[in-house]
Amino acid sequence: MIPLLGYLAGACISTIVLEAIPILLLKEKKDWFQASVICNVATNPVLNVALMLLAFYLGWSRLIYGLLLLMELAVVFLEAWLYRLMLGKPFGKCLIFSAGANVFSF
């Protein structure tokens, strides 16, 4: 159990660090960074556990790559919605940021 928690923590921390890079280009860095940390803590472990379970049950087949794409798209929309709630920015701006940050950290 401990190695799994270490893996999940490492994956989440590395994603937060990578997604901080595009935040440096924004004017409201602190607000976006705080929201990004919250979004990643909420979505990254769930995505990684789901991916591990799918890999365990399905193996690394072509199917898993399609499912990963669908899960990543769901995360992009969920994080955009969370950014919208936390920052009060237009959903379109939040969606563009979420998509770009997730592509960057993928």
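**Labels and their cut-offs**

Tutor: Let's start with Glu72, which is found in helix α3. Helices here are DSSP runs of H or I with at least four residues, numbered from the N terminus. Before we go on: this is a predicted model, where local features need pLDDT of at least 70, side-chain atom pairs count only at pLDDT 80 or more, and totals for chains, interfaces and linings use all residues. Residues are numbered from 1 along each chain as its sequence is written, and side-chain values use heavy atoms, with hydrogens and water left out.

Student: Why is Glu72 called buried?

Tutor: Buried means under 20% relative accessible area, exposed means over 50%, and partly exposed is what sits in between (1.4 Å probe, protein chains only). Glu72 has a relative accessible area of 16%, so it counts as buried.

Student: What is Glu72 in contact with, leaving aside its neighbours within four places in sequence?

Tutor: Leu47, Asn102 and Phe106. Contact means heavy atoms within 4.5 Å.

Student: What makes Ser14 partly exposed?

Tutor: Ser14 has its place in helix α1. Its relative accessibility is 36%, so the label is partly exposed. Also, the C-alpha atoms of Ser14 and Ser105 are separated by 8.3 Å, although these residues are 91 apart along the chain.

Student: And Gly59, how do you know which label it gets?

Tutor: Gly59 is found in the loop between α2 and α3. At 25% relative accessibility, Gly59 is partly exposed. Leaving aside its neighbours within four places in sequence, Gly59 is in contact with Leu54 and Ile64.

Student: Is Leu85 buried or exposed?

Tutor: Exposed, because its relative accessible area is 55%. Leu85 lies in helix α3, and its C-alpha atom is 9.6 Å from that of Ala35, 50 residues away along the chain.

Student: What about Asn40: buried or exposed?

Tutor: Asn40, found in helix α2, has 2% relative accessibility, so it counts as buried. Leaving aside its neighbours within four places in sequence, Asn40 is in contact with Cys12, Thr15, Ile16, Glu19, Pro45 and Glu79.

Student: Now for helix pairs. How are two packed helices described?

Tutor: By the angle between their axes and the distance between the axes. Axes are lines fitted to C-alpha atoms, for helices over the stretch in contact, and angles run from 0 to 180 degrees between N-to-C directions.

Student: Why are α2 and α3 called roughly antiparallel?

Tutor: Their axes come within 10 Å and cross at roughly 160 degrees. Angles under 35 degrees count as roughly parallel, over 145 as roughly antiparallel, 65 to 115 as roughly perpendicular and the rest as oblique. That is why α2 and α3 are roughly antiparallel to each other. By class, their contact divides into 21 nonpolar, three polar and three charged residues. Ala, Val, Leu, Ile, Met, Phe, Trp, Tyr, Cys and Pro count as nonpolar, Asp, Glu, Lys and Arg as charged, and the others, Gly among them, as polar.

Student: How do α1 and α2 cross?

Tutor: The axes of α1 (residues 2-23) and α2 come within 9 Å and cross at roughly 145 degrees. Asn40 takes part on the α2 side, and the α1 residues in the contact include Cys12, Thr15, Ile16 and Glu19.

Student: Last one: which residues make up the largest nonpolar core?

Tutor: There are 10 in all: Ile23, Trp32, Ala35, Cys39, Ala80, Leu82, Tyr83, Cys94, Phe97 and Ala101. A nonpolar core is a set of buried Ala, Val, Leu, Ile, Met, Phe, Trp, Tyr and Cys residues joined through side-chain atoms within 4.5 Å. At least two residues of this core come from each of α2 (29-58), α3 (62-87) and α4 (91-105). Another core, of seven residues, lies apart from it, with Leu51, Leu68, Met71 and Val75 among them.
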